[in-house]
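Trainee: I would like to go through this model step by step. Please keep each answer tied to what the coordinates give.

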Amino acid sequence: MELWSRADPQLREVVCFSLRCRALALLLQAVFNLLIPDHAADAFSPPRLGAPSPWDALLERLLGGLARWDSEHFLFIAEHGYLLEHNCAFLPLFPLSLRLLAAVLPWPLQLQPRSRLLLSAALLNALLSALAAAALLGLGRAVLQNRRQAFLAALLFSISPAGVFMAAAYSESAFACLAFGAMWQLEKGQGCLSGLLFSLAAGARANGLVNAGFFLYSRAKRFAHQLQGGSAPLRKLPSLCKQVLSLASSAALMCAGIFLPFAVFQYYAYVRFCRPGTGLAQSIPEPLLQLARDKGYRVAGTGGAEPPWCSQRFPVVYSYVQDTYWNVGFLRYFELRQIPNFLLALPVTLLGSWAAWTYISTNPRHCLTLGLERDKSEEKGKARGGFCGPAAFVYVVHSSALLVFGFCCMHVQVLTRFLCSSSPILYWFPAHLLQEHEPLLWSTGTDNPKSGKPLVGKSPSSCGKRTSDNPVVRLLLNWRLLTPLSKSILGFFLGYWLLGLILHCNFLPWT
């Protein structure tokens with residue numbers, strides 16, 4: 001407790017705010033799940049095995065809203081493994097973590113395996129989202145060189161538009177924690193630790209493979225700056241060749257490490273589904289086999305016709321499952337009947353596009369040189385900070401690439417959670433806009449700097465002590481005084497945070 005009391009006030013506030021927002025989300029999803037009847041969705045819903053105890057029924061009432069849609073896949077994999085081919089769209093790190101946590105935690109009550117896994121998911125994601133917010137704070141300080149902007153962005157993460165997916169039994173919290181942590185360690189120069197975290201992130205979500213670009217860019221930027229530094233030995237051909245070979249070998253090694261978990265999983269799936277029958281079906285409960293027969297799911301180890309992807313030169317089950325079961329592909333979602341889903345993705349699309357345009361228009365030369373040209377302000381050690389600073393370039397490129405890919409090649413409604421769990425830009429840019437255009441954030445006093453009138457209340461710390469002013473709470477308490485832009489930003493964050501709890505937790509269509 002003494003160490004916690006001496007901790008960075010901003011860090012303490014970020015962690016406490018995250019935990020309080022998570023507690024509120026869990027309470028609200030339980031209330032909405034109780035009041036609103038579940039929609040009869042055509043979603044994966046495996047049969048429950050065994051008779052539930054009263055404690056299982058109580059837990060289902062309290063946390064059942066966290067086990068909707070893709071959560072069923074993660075809980076099923078954690079309990080039964082990869083029995084069904086279409087489960088291979090979900091990478092193994094998160095379900096393995098659930099299984100491990102459910103095995104090591106003491107359980108004073110008699111609960112079924114699924115109930116233990118559901119409770120483990122709620123606890124694990126609460127912890128991971130708090131760690132992700134803390135990692136985002138550290139990353140923001142390193143990149144933005146603006147503590148107030150980094151602090152505001154980390155607080156916004158706790159009311160993310162994808163908040164329901166950070167709470168539910170999804171891998172978003174785990175991925176955000178690992179990805180933001182890896183980016184932060186890379187900014188600090190901790191290449192090995194960063195590579196390990198990036199590798200684990202690639203074991204949680206497939207888009208983690210793209211994060212190898214951060215490492216490649218970091219090495220390329222360092223090499224380019226060395227060349228521009230005027231070092232005579234480096235300009236000599238033998239020394240230059242040695243540097244290039246060293247750079248290429250370290251980059252290849254690190255990329256191989258990042259790709260390794262994904263490649264190992266593809267090999268595991270190949271052995272499980274492409275090899276001759278192993279009699280595994282004999283140990284699968286009959287209700288699950290009946291589900292597979294009714295839905296046409298391919299079951300591991302049951303023989304029969306070999307799946308088409310097994311005969312490919314590079315048998316990748318992930319892309320086959322996405323194509324066959326979810327119809328994911330380039331422009332496949334561009335249909336008139338999908339207009340409502342495009343409207344759901346419109347706010348995050350506009351926000352991401354606006355962020356990219358703002359950065360490019362502010363730094364045209366920096367963008368044209370791919371950020372590899374040493375800036376004069378960087379040479380003097382006075383590089384411009386904030387969202388539009390040179391260090392944010394690679395993150396803007398990353399966010400823009402994910403946005404274009406997601407919009408053109410994915411089910412577009414998942415774009416909100418896809419970007420909000422992968423890119424810090426979705427929090428840095430709103431924090432930048434709020435700081436630039438919201439007068440209430442220009443002063444830490446108790447009066448409105450625009451009108452001189454006293455503000456409504458103070459922004460207390462989420463930890464019970466006034467250790468660090470919480471700008472998000474301050475803005476919410478003085479909603480009527482906010483500019484239209486601030487209301488739009490906070491309205492998007494809070495609106496999607498709340499709507500997600502109402503709709504997703506009752507099997508209603510959401511992002």
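**Burial, helix packing and cysteines**

Mentor: In this predicted model, His 432 has a relative accessible area of 12%, so His 432 is buried.

Trainee: In which helix is the place of His 432?

Mentor: The residue sits in a helix that covers residues 425-437. The name of that helix is H21.

Trainee: Leaving aside neighbours within four places in sequence, which residues is His 432 in contact with?

Mentor: Sequence neighbours within four places are set aside here. What remains for the buried His 432 is contact with Gln 149, Phe 387 and Cys 388.

Trainee: How many helices and strands are there in the protein chain?

Mentor: The chain has 511 residues, and 51% of them are buried. Among contacts between residues at least 6 apart in sequence, 74% join residues at least 24 apart. The secondary structure comes to zero strands and 23 helices.

Trainee: Is Leu 291 buried or exposed?

Mentor: Leu 291 belongs to helix H14. Its relative accessibility is 11%, and the cut-off for buried is under 20%. Leu 291 therefore counts as buried.

Trainee: What separates the C-alpha atoms of Leu 291 and Ser 45?

Mentor: Along the chain, Leu 291 and Ser 45 are 246 residues apart. Beyond its neighbours within four places in sequence, Leu 291 is in contact with Phe 44, Pro 46, Pro 47 and Tyr 297. The C-alpha separation of Leu 291 and Ser 45 is 9.1 Å.

Trainee: At what angle do the axes of helix H2 and helix H6 cross?

Mentor: H2 covers residues 9-35 and H6 covers residues 113-144. Their axes come within 9 Å. The crossing is right-handed, and its angle is roughly 145°.

Trainee: How do the residues of the contact of H2 with H6 divide into nonpolar, polar and charged?

Mentor: On the H2 side the contact is made by Gln 10, Leu 11, Val 14, Val 15, Ser 18, Leu 19 and Arg 22. On the H6 side it is made by Asn 125, Ala 126, Ser 129, Ala 130, Ala 133, Ala 134, Leu 137 and Arg 141. The division is nine nonpolar, four polar and two charged.

Trainee: Is Leu 127 buried, partly exposed or exposed?

Mentor: Leu 127 is placed in helix H6. Its C-alpha atom is 9.3 Å from that of Val 15, a residue 112 places away along the chain. With a relative accessibility of 48%, Leu 127 counts as partly exposed.

Trainee: What is the handedness of the crossing of H16 and H23, and which classes of residue has the contact?

Mentor: The crossing of H16 and H23 is left-handed. H16 contributes Leu 343, Leu 344, Pro 347, Val 348, Leu 351 and Trp 354, and H23 contributes Leu 485, Phe 492 and Tyr 496. By class the contact has no polar residues, no charged residues and nine nonpolar.

Trainee: What is the torsion about the S-S bond of Cys 274 and Cys 310, and which parts does the pair tie together?

Mentor: The torsion is about -75°, so the disulfide is left-handed. Cys 274 lies in helix H13 (residues 237-274), whereas Cys 310 lies in the loop between helix H14 (286-295) and helix H15 (317-325). Cys 274 is buried at 9% relative accessibility, and Cys 310 is buried at 6%. The parts tied together are therefore 36 residues apart in sequence.

Trainee: How far away is the nearest cysteine sulfur to that of Cys 88?

Mentor: Cys 88 is buried, with a relative accessible area of 1%. Cys 88 is in no disulfide. The nearest cysteine sulfur is that of Cys 274, at 9.5 Å.

Trainee: Which cysteine has the sulfur nearest to that of Cys 367?

Mentor: Cys 367 counts as buried at 15% relative accessibility. Cys 367 is in no disulfide. The nearest cysteine sulfur is 9.7 Å away and belongs to Cys 388.

Notes: Residues are numbered from 1 along each chain as its sequence is written. This is a predicted model: local features need pLDDT of at least 70, side-chain atom pairs count only at pLDDT 80 or more; totals for chains, interfaces and linings use all residues. Side-chain values use heavy atoms; hydrogens and water are left out. A crossing is left-handed if the near helix is turned anticlockwise from the far one by less than a right angle, and right-handed if clockwise. Helices (H or I, at least four residues) and strands (E, at least two) are DSSP runs, numbered from the N terminus. Contact means heavy atoms within 4.5 Å. Ala, Val, Leu, Ile, Met, Phe, Trp, Tyr, Cys and Pro count as nonpolar, Asp, Glu, Lys and Arg as charged, and the others, Gly among them, as polar. A disulfide is a pair of cysteine sulfur atoms within 2.5 Å. Buried means under 20% relative accessible area, exposed over 50%, partly exposed in between (1.4 Å probe, protein chains only). Axes are lines fitted to C-alpha atoms, for helices over the stretch in contact, and angles run from 0 to 180 degrees between N-to-C directions.
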